[in-house]
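Subject: Structure handover

Hello,

Here is the structure I promised to pass on. Please have it open while you read my notes below.

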Amino acid sequence: MGADLIIENAAEIVTCAPRAGEARPGVLTGASLVIEQGRITHLGPAERVAAELAAKGRTPASFPRLDAAGKAVLPGFIDAHTHLVFAGDRVDEFSRRLAGEGYLEILRHGGGILSTVRATRRASREELLRLGRKRLDAMLAHGVTTVEAKSGYGLDRDTEIRQLEVACELGCLHPVEVVPTFLGAHAVPEEYRGRPSAYIDFLIAAVLPEVAARGLARFCDVFCETGVFSPAEARRLLRAAADLGLGLKIHADEMSPLGGAELAAELGAVSADHLLHVSPAGIAALARAGVVAVLLPMTAFSLREPYAPARAILEAGGTVALATDFNPGSCYSESIPLLSALGAVALGLSAEEIVAALTIHAAAALGIAGTVGSLEVGKQGDLVVLDAPSYRHLPYRLGVNLVETVVKRGEIVCDKRNPGGTAC
Ligand code: IZC
Ligand code: ZN
């Protein structure tokens with residue numbers, strides 16, 4: 001499935017193609033990009049692309065055309081860490097946190113994640129679909145073409161499965177592609193209060209096998225945190241998930257240095273996420289094991305926690321992706337602009353590092369860098385056009401959404417150029 005399209009005249013096409021030893025994201029000027037049936041078939045100097053098309057008996061004019069004069073074209077953004085499917089909100093918790101209460105303290109008293117669990121258990125499949133669709137619309141308007149979506153607001157068999165089914169269905173209904181992750185170990189539910197290990201047993205025996213057998217999730221994740229799940233409990237669950245063929249992710253060292261990064265490296269996880277309190281040994285282990293560090297600086301901002309040591313991770317040879325952590329508690333935002341700005345100002349990343357962190361490295365964090373995350377012949381035609389002449393404007397225009405047009409598999413799925421466009 002997919003459409004045909006030619007993109008011409010762009011001020012720059014930022015490929016984000018991985019190139020050994022190069023910090024630059026691969027910037028082409030005077031280039032055209034051709035998508036046929038959803039895949040990129042030609043990319044390079046406009047004259048060369050025209051000649052390649054002529055050799056196939058086609059002309060540039062025979063394609064639907066997107067004129068990107070004066071604009072930067074980038075791979076579609078990939079949001080590699082979200083809690084997309086939930087009901088209710090936590091506006092009261094936000095006020096309480098502003099007044100000084102701690103995130104984990106609120107959770108310990110049955111609020112936080114557990115309040116979203118109560119709302120999500122009550123919600124119908126239709127309601128979750130309606131809410132999810134609206135959120136994907138907002139993400140698409142920010143240039144997101146692929147999103148990871150975690151369960152973790154059911155904490156029982158039926159609701160966890162329902163969340164994953166809804167995530168899969170949303171991916172079919174909506175232009176934004178959805179990669180589902182099983183996060184049954186997001187918190188200890190009321191029914192298992194004080195018995196986290198017994199709850200892990202339950203997940204391993206009664207939920208994980210069905211999730212794997214039905215292909216409802218690509219990854220298994222766990223909130224490895226003081227007062228939630230210990231590294232030993234996380235290890236047990238993740239080993240069981242790996243045995244069933246799932247990829248692994250960890251909410252690691254978010255509020256305390258528990259050794260989540262070391263565990264991710266030990267288990268060969270595809271990513272370790274958060275890492276606000278990662279240890280020097282953890283940083284070295286991630287780089288050695290090739291685990292992608294998914295950093296979520298909007299969460300650190302919202303929780304008023306210190307930021308993850310992005311520069312130290314890069315200097316150690318690690319790979320950094322940036323994601324929103326969209327969720328109703330610690331970070332209720334799908335804002336790629338705010339994320340980019342914090343990437344620059346709070347984490348000290350360059351515009352080049354930010355663009356790579358939102359595209360090719362985010363794809364690596366989802367194990368899909370072979371098909372998306374960069375503009376290269378053979379890859380999916382997923383891209384954004386910015387209302388700006390260079391990718392460098394992305395973090396520079398603090399908190400402002402520069403995305404003008406979004407293309408998914410060659411189809412224009414969001415177009416803000418004129419009121420008659422595909423509004424999104
Ligand atoms: O609902 O609070 N950190 N999980 C772990 C979250 C934040 C999401 C939430
Ligand atoms: Zn999270």
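First, a term for the metal site. Four donors count as tetrahedral if all angles lie between 85 and 135 degrees; four count as square planar, and six as octahedral, if opposite donors are over 155 degrees apart and all others between 65 and 115; anything else is irregular. Donors are N, O and S atoms within 2.8 Å of the metal (3.2 Å for Na, K and Ca), and water is not among the atoms, so sites may look incomplete.

Two notes on the source. This is a predicted model, in which local features need pLDDT of at least 70 and side-chain atom pairs count only at pLDDT 80 or more, while totals for chains, interfaces and linings use all residues. Residues are numbered from 1 along each chain as its sequence is written, chains are lettered from A and ligands numbered from 1 in the order in which they are written, and side-chain values use heavy atoms, with hydrogens and water left out.

**Zinc site**

The zinc ion (ligand 2) has four donor residues: His81 (NE2), His83 (NE2), His251 (NE2) and Asp325 (OD), at 2.0 to 2.7 Å. Angles among the four donor atoms run from 78 to 162 degrees, and the site is irregular. The donor spacing in sequence is H-x1-H-x167-H-x73-D. His81 and His251 link distant parts of the chain, 170 residues apart. His81 sits in the loop between strand 8 (77-79) and helix 2 (91-98), and His251 in strand 12 (residues 247-252). Helices (H or I, at least four residues) and strands (E, at least two) are DSSP runs, numbered from the N terminus.

Are these two histidines buried or exposed? His81 is buried, at 0% relative accessibility. His251 is buried as well, at 2%. The cut-offs: buried is under 20% relative accessible area, exposed is over 50%, and partly exposed is in between (1.4 Å probe, protein chains only).

**Pocket and cavities**

On a 1 Å grid over the protein atoms alone, a cavity is a set of points where a 1.4 Å probe fits but cannot get out; a pocket is an open set with protein on both sides within 12 Å along at least five of seven lines; lining residues have an atom within 4 Å of a point. Grid points are joined across faces, edges and corners, and a volume is the space filled by probe spheres set on the points.

The second largest pocket holds about 270 Å³ of space. Its lining includes Leu104, Leu107, Arg108, Arg193 and Thr226. Helix 3 (residues 103-108) gives the most to that lining, with three residues. By class, the lining has seven nonpolar, three polar and two charged residues. Here Ala, Val, Leu, Ile, Met, Phe, Trp, Tyr, Cys and Pro count as nonpolar, Asp, Glu, Lys and Arg as charged, and the others, Gly among them, as polar.

The whole structure has three cavities of 30 Å³ or more. The largest cavity has about 80 Å³ of space. Of its 13 lining residues, His83, Tyr103, His186, Asn327 and Ser330 lie nearest the centre. Four of the lining residues are nonpolar, seven polar and two charged. The second largest cavity comes to about 50 Å³. Its lining has seven nonpolar residues, two polar and one charged; Phe77, His142 and Arg397 are among them.

**Aromatic pairs**

There are eight aromatic pairs. Tyr199 and Phe229 are stacked, because their ring centres are 6.2 Å apart and their planes at 25 degrees. Rings of Phe, Tyr and Trp (its six-membered ring) pair if their centres lie within 6.5 Å; planes under 30 degrees apart count as stacked, over 60 as edge-to-face and the rest as tilted. Tyr199 and Phe229 are both buried. Elsewhere, ring pairs join Phe86, Tyr153, Phe326 and Tyr332 into a cluster.

**Backbone**

Which residues other than glycine have a positive phi? Asn9 is one of them, with phi near 70 degrees. Asn9 lies in the loop between strand 1 (5-8) and strand 2 (12-14) and is partly exposed, at 45%. His274 is another, with phi near 90 degrees. His274 belongs to strand 13 (residues 271-274) and is buried, at 1%.

Best wishes
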